Amino acid sequence: MNILLIGSGGREHALAWKIAQSPQLDRLYICLGNGGTRGVAETVDLNLDDHSSVISFCQLMAIDLVVVGPEAPLVAGLADDLQKANISVFGPSKAAAQLEGSKNFTKALCDRMAVPTAAYGHFTNATDARAYATEQGAPIVVKADGLAAGKGVTVALTLEEAHAAIDDCFDGAFGDAGAEVVVEEFLSGEEASMFFLCDGKTALPFGTAQDHKQVGDGDTGPNTGGMGAYSPAPVVDDTLQKEVLDTIITPSLDGMAAAGMPFRGVLFAGLMIDQSGPKLIEYNVRFGDPECQVLMMRLQSDLVPLLQACADGDVSKMQADWSPQFALTVVMAADGYPAGYEKGSQINGLNGLNDNQTQVFHAGTKELNGTIRASGGRVLAVTAQGDSASQAQKRAYAAIDKIDWPQGFCRKDIGWRAVQRET
């Protein structure tokens, strides 16, 4: 098979690394990739906004499957145009991608299908949103309705913070994504992520993870795209997974199918779990980053047939096999992230770090004259496996200690909750 992978982050490096292991693969192309994907895929430079150019490339190179990594091309309808050209694609349609592209769309689906989630209000102006927040009281959560690269969510502990977050959205801090706002009930409990490969009607459970969104140790500071993750999520047992499937995922798929927009691809459910059971925080329509890194480390099955089954519309006969080991990834970011940061600093010490228990997945990197340079906010995802959370954690940080990058930083406590459970 010839496969085109779309994307350039740590998620895409992990997907490329796993796809490259498939005996079904002939050639793997990636657009645009990063400094780490060059070893596993051929880089191509395509304008993803010009869907006709992507289609032309696929036809020229006899691409059998396109795998779309990030959410933006899906929300823009890339999967629809590829399918119209009879090109097989892993990823949902533009209509189905609204599950991530619009918080209000998902909330309305939850209302229709009785999916447990936080109470909310949807607003198109700051005055009404501020009044609703005042009426509900703090803590409360403010979300830009559209895509904001993981940064459009504020957990406001005071009304002042809530009002400021609402004003930021409507004042353009998140561009068009903040033109509408969802203000919702603050949920307490333990967060976890569950993934499902979907064919429009059936959902195949595809691993669990927990991540660390805040930039600082002890889960402090502003939210980021993710500073680390681990898998499996200790809080999710078989009973809870079945409850999530029965009360959240299956009703959502049924509702999407009934609305004429069946969901095919990976459905990433962000959940809050407390004594009353799981509630949906939000959906993403692609693999998480950095959750994908730990999932790919643990996946023992060939990934390609699983992705193809989603694209073909039948996962009912598929099975995903997982390593019993624990996987943990620590994100190294550029100083200043998630605020302003400098690009171009050189990263040394990466050679020799990858082995059967450790992989360094690149995100915001570029290769320049044989050197690796930082080119983004989240730059590396240092990922390790172990028989326990503490062993995987020690291996990941031991690898980080060998990386020479003075302009970068990482959290020092990734996986603390899982390690605490063990001890």
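Trainee: In which sense do β6 and strand β9 pair, and over how many bridges?

Mentor: β6 and strand β9 (residues 181–185) pair in the antiparallel sense, over 4 bridges. Two strands pair if DSSP finds at least two bridges between them. Please note that this is a predicted model, in which local features need pLDDT of at least 70 and side-chain atom pairs count only at pLDDT 80 or more, while totals for chains, interfaces and linings use all residues. Residues are numbered from 1 along each chain as its sequence is written, and side-chain values use heavy atoms, with hydrogens and water left out.

Trainee: Which residue is the bridge partner of F123?

Mentor: The partner of F123 is V181, in β9.

Trainee: What is the strand order of the open sheet?

Mentor: The order is β6-β9-β7-β8, 4 strands with antiparallel pairing. β6 (120–123) and β8 (153–156) are the edge strands, each pairing on one side only. On average, neighbouring strands of this sheet are turned by 15° against each other, direction ignored. Strands here are DSSP runs of E with at least two residues, and helices are runs of H or I with at least four, numbered from the N terminus.

Trainee: Which helices pack on the sheet?

Mentor: Helix α6 (residues 103–113) touches β6, β7 (140–144) and β9, and its direction makes about 135° with that of β6. Helix α8 (residues 159–170) also packs on the sheet, touching β6, β7, β8 and β9; its direction makes about 5° with that of β7. Angles run from 0 to 180 degrees between N-to-C directions, and axes are lines fitted to C-alpha atoms, for helices over the stretch in contact.

Trainee: Changing topic, at what angle do α1 and α11 pack?

Mentor: Helix α1 (residues 10–19) and helix α11 (residues 303–312) pack at about 110°, with their axes 8 Å apart. The two are therefore roughly perpendicular to each other, a term that covers 65 to 115 degrees.

Trainee: Which residues meet there?

Mentor: From α1 these are L15, K18 and I19, which meet L303, V304 and L307 of α11. The residues of this contact divide into 5 nonpolar, no polar and 1 charged. Contact means heavy atoms within 4.5 Å.

Trainee: How many residues of α11 are buried?

Mentor: In α11, 8 of its 10 residues are buried, meaning under 20% relative accessible area, with exposed being over 50% and partly exposed in between (1.4 Å probe, protein chains only). Among them are L306, Q308 and C310.

Trainee: What caps its N-terminal end, and what follows the helix?

Mentor: D302 caps the N-terminal end of α11, with a side-chain oxygen 3.1 Å from the backbone nitrogen of V304. G313 follows α11, and its phi is positive, near 90°.

Trainee: Is H362 buried or exposed?

Mentor: H362, in strand β19 (residues 358–362), is buried, with a relative accessible area of 8%. Its side chain reaches the backbone nitrogen of G36 at 3.4 Å. A polar contact of 3.0 Å also joins the side chains of H362 and T365. Such a contact is a pair of N or O atoms within 3.5 Å; within protein, one must be able to donate a hydrogen and the other to accept it, and residues adjacent in sequence count only if both atoms are side-chain atoms.

Trainee: And where does P232 lie?

Mentor: P232 lies in the loop between β14 (228–231) and α9 (238–258). P232 is partly exposed, at 28% relative accessible area. Leaving aside neighbours within four places in sequence, P232 is in contact with T208, R298, Q325 and F326.

Key:
Angles under 35 degrees count as roughly parallel, over 145 as roughly antiparallel, 65 to 115 as roughly perpendicular and the rest as oblique. Ala, Val, Leu, Ile, Met, Phe, Trp, Tyr, Cys and Pro count as nonpolar, Asp, Glu, Lys and Arg as charged, and the others, Gly among them, as polar.
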